[in-house]
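Please read it beside the sequence and the coordinates.

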Amino acid sequence: MNPRQGKPDLRLHLLFAVLFIGSFFLDEQMRGLLGTWKDPSIGLLSYAIGIFWMASLLLDRLRAVEDRNRVLRDLVDRHEHKIRALEDELEAR
C-alpha cells in the first residue's frame, strides 16, 4: 500500500469542506445582493447519493486499513519465525 495513497482523499475532503463552509458566506452575500435569491434545495435522491458516496468511501478506507493490518501481521509472523529459527540455530551451536 502506498503511504501517500490517503493524501488525495484528504485534499478532496478539505476542498469540499472549504466549499461547504464558503457556501454559507456566499449565501448571505447573494441574499444581500439579489433580493430574489433562494437557496437550492436538496432532494431525497441527492441526499441518498451523497450518503451512498460517503459510505462507499468509508468502506474503501476500511478495506485499505484491513489490508494494511493483514500485511503487517504477516510481516510480524515472518519476523517471529525468523527469530525463532535463529534462536534454534544459536542453541544448536
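## Salt bridges

A salt bridge is counted where a side-chain nitrogen of Lys or Arg lies within 4 Å of a carboxyl oxygen of Asp or Glu. The model is predicted, so local features need pLDDT of at least 70 and side-chain atom pairs count only at pLDDT 80 or more, while totals for chains, interfaces and linings use all residues. Residues are numbered from 1 along each chain as its sequence is written, and side-chain values use heavy atoms, with hydrogens and water left out.

The structure holds 5 salt bridges, one of which joins the side chains of Arg84 and Glu80 at 3.7 Å, N to O. Both Arg84 and Glu80 belong to helix H2, where they stand 4 residues apart, about one turn of the helix; helices are DSSP runs of H or I with at least four residues, strands are runs of E with at least two, and both are numbered from the N terminus. On the accessibility scale used here, buried means under 20% relative accessible area, exposed means over 50%, and partly exposed lies in between, with a 1.4 Å probe and protein chains only. Arg84 is partly exposed at a relative accessible area of 45%, and Glu80 is likewise partly exposed, at 38%.

Asp74 and Arg78 form another salt bridge through their side chains, at 3.1 Å from N to O. Asp74 and Arg78 are also both in helix H2, 4 residues apart, about one turn of the helix. Asp74 is partly exposed, with a relative accessible area of 37%, whereas Arg78 counts as exposed at 57%. A salt bridge also links the side chains of Glu89 and Arg93, at 3.1 Å, N to O; here Glu89 counts as partly exposed at 41% relative accessibility, and Arg93 as exposed at 75%.

## Overall shape

The protein has 2 helices and 0 strands. Its radius of gyration is 25 Å, well over the 12 Å that the globule rule gives for 93 residues, so the protein is more spread out than a compact globule; the radius is taken over C-alpha atoms, and the rule is 2.2 Å times the number of residues to the power 0.38. Taken along the principal axes, the C-alpha atoms fill a box of roughly 90 × 25 × 15 Å.

Of the 93 residues, 3% count as buried. The protein exposes about 9,000 Å², of which carbon and sulfur atoms supply 65%, the accessible areas coming from the Shrake-Rupley method with a 1.4 Å probe, and for residues only the protein chains shown counting as cover.

## Individual positions along the helices

Asp27, which has its place in helix H1, counts as buried at 11% relative accessibility. The C-alpha atoms of Asp27 and Phe16 are separated by 16 Å, the two residues being 11 apart along the chain.

In helix H2 lies Ala48, which counts as partly exposed at 40% relative accessibility. Between the C-alpha atoms of Ala48 and Leu10, 38 residues apart along the chain, the separation is 22 Å.

## The largest pocket

Rolling a probe the size of a water molecule over the atoms shows where empty space is left. On a 1 Å grid over the protein atoms alone, a pocket is an open set of points with protein on both sides within 12 Å along at least five of seven lines, unlike a cavity, where a 1.4 Å probe fits but cannot get out; lining residues have an atom within 4 Å of a point. The largest pocket has a volume of about 470 Å³, a volume being the space filled by probe spheres set on the points, which are joined across faces, edges and corners.

Helix H1 (6–33) and helix H2 (44–92) are the elements that give two or more residues to the lining of this pocket, and H2 gives the most, with 6 residues. Among the lining residues are His13, Phe16, Leu19, Phe20, Tyr47, Trp53 and Met54. The lining divides into 8 nonpolar residues, 4 polar and no charged, where Ala, Val, Leu, Ile, Met, Phe, Trp, Tyr, Cys and Pro count as nonpolar, Asp, Glu, Lys and Arg as charged, and the others, Gly among them, as polar.
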